[in-house]
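Subject: Structure handover

Hello,

Here is the structure I promised to pass on. My notes follow below it.

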Amino acid sequence: MTEYNGYVTDETIEGADDGPLAGKTVAVKDNISTEGVRTTCGSAMLEDYVPPYDATVVERLKDAGATIPGKTNMDEFGMGTTTETSAFGAVENPAAEGRVPGGSSGGSAAVVAAGDADLALGSDTGGSIRCPAAFCGVVGIKPTYGLVSRYGLIAYANSLEQIGPIAPSVEGAAELLDVIAGPDEHDATTQEAPEADGSYAAAADGDVDGLSIGVPTELLDGADEAVVETFWDAMDDLEAQGASYHEVDLPSVEHAVEAYYVIAMSEASSNLARFDGVRYGQSGGYDGNWNESFANAREQGFGEEVKRRILLGTYALSAGYHDKYYKKAQDARAWVKQDFDEALDDADVLASPTMPVPPMKRGESLDDPLTMYLADANTTPVNLANLPAISVPAGETDDGLPVGLQLVGPAFGEREIIRAGSALA
């Protein structure tokens, strides 16, 4: 295990002898099932869980010739923005000493940034690929919902999450997306992307001449000044290469974080009900009634952040509050989707800082979960709208801290955001 705690386990899984990823190592986030290899979700609840099957994306990695060097550390059950809630310890950011690597796929981004894996898989429910990509100075793609199979992904919030690639370059991320994308009979939410010329990797040609970029001013409001300056420098770079940019409106994003967390926590409370010490998880150790055993298993197995989100989600779904919170959150989600569609009618892609702040110091936000939630202001709206987005390095602050630039495209517009992102990385 490396000093930055990027891996939960370093058990190697060999792929086929040939294929598009032959000779490359691809680390896998520890909420993606690997047959015969421990898959913990960063939780004591699943510390000894060994799946009996491979996730579809893992099967595709093996078939493509990739070697999986290990499973990467993560915020427990994907719940966090810093990869500090893992039961196996916090992850250090190799690109910014003493800072968090972002989350929840912080381990995946860290091992790529440190050069311990060529590529990595993460999962993105509200920014969990793009946030660590930005904080670690690498590239991360959150695909359109349904482009990549979620079969074998241990669920946090089914209607929001997607598996996606993390890589040192846009081309590398696109090569990995070429391998994992496509319909899967095991996942009814997957679908065939519309016909397009060439692979995703072929789209990474850096040609942004004539590209129209919309900049939602709402996603700049409240952002750290150093982040905003770095973002505009990157936009000027794109303009110098032939792109143009203009302001667009996304008024609904004012309510996106609140809507996202109500929906995500509600789905989490349902999904995590199976971890009861009988079906999954550690035994509660009680000889008495089942309720005591159930409560004890969850008290011992879950960390504080997971308990918080389960409680809030259960409350939002409870009788008398479902319409007040969950239904309103779904109404807000529809509004967010409508605003994105209208903005993308007026631009080829949308651009914003990936994260409104540079990487935080370790321990800084653990006692203030609300601040951690608000840090997702630029990423969560994309998941609500089920659109594709990429985070590429935009540069560094004067203090040498990485800043990411987020590009959002229309549904199944991965090639557009890959092409635009490749002009910078």
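Glu304 counts as exposed, at 57% relative accessibility. Here exposed means over 50% relative accessible area, buried means under 20%, and partly exposed is in between (1.4 Å probe, protein chains only). Glu304 forms a salt bridge with Lys307, with the closest N and O atoms 3.6 Å apart. (A salt bridge is a side-chain nitrogen of Lys or Arg within 4 Å of a carboxyl oxygen of Asp or Glu.) Lys307 counts as buried, at 16%. The two residues are three apart in helix α8 (residues 304-317), so about one helical turn separates them. Helices (H or I, at least four residues) and strands (E, at least two) are DSSP runs, numbered from the N terminus. Glu299 joins Glu304 and Lys307 in a network of salt bridges.

A word on the source: this is a predicted model, where local features need pLDDT of at least 70, side-chain atom pairs count only at pLDDT 80 or more, and totals for chains, interfaces and linings use all residues. Residues are numbered from 1 along each chain as its sequence is written, and side-chain values use heavy atoms, with hydrogens and water left out.

Helix α8 also holds Glu305 and Arg308, three residues apart. They form a salt bridge, with the closest N and O atoms at 2.3 Å. Glu305 counts as buried at 8% relative accessibility, and Arg308 is partly exposed at 30%.

The whole structure has 13 salt bridges. One of them pairs Asp205 with Arg419 (3.2 Å, N to O). Asp205 lies in the loop between α4 (170-180) and β7 (212-216) and Arg419 in helix α12 (residues 414-422), so this pair ties together parts 214 residues apart in sequence. Asp205 is partly exposed at 43%. Arg419 is partly exposed too, at 28%.

Now the domains. The assignment gives domain 1 (7-246 + 348-423) and domain 2 (254-330); such bounds come from an automatic or database domain assignment. Their centres, taken over C-alpha atoms, are 26 Å apart. Domain 1 brings 30 residues to the contact and domain 2 brings 25, where contact means heavy atoms within 4.5 Å. The two domains bury about 2300 Å² between them, 64% of it on carbon and sulfur atoms. (Buried area is the accessible area, 1.4 Å probe, that two parts lose on being put together, summed over both.) Met45, Met79 and Tyr373 supply 32% of the area that domain 1 buries against domain 2.

What holds across this interface in terms of salt bridges? The rule finds zero. It does find 11 residue pairs in polar contact, both residues at pLDDT 80 or more. (A polar contact is a pair of N or O atoms within 3.5 Å; within protein, one must be able to donate a hydrogen and the other to accept it, and residues adjacent in sequence count only if both atoms are side-chain atoms.) On the domain 1 side, α10 gives the most, with four residues.

Ser149 deserves a look. It sits in the loop between β5 (139-142) and β6 (162-167). Ser149 is buried, at 0%. Its side chain makes a polar contact with the side chain of Asp184 (2.6 Å).

Last, the backbone. A cis peptide bond joins Gly103 and Ser104, with omega about 5°. Phe77 has a positive phi of about 55° although it is not a glycine.

Best wishes
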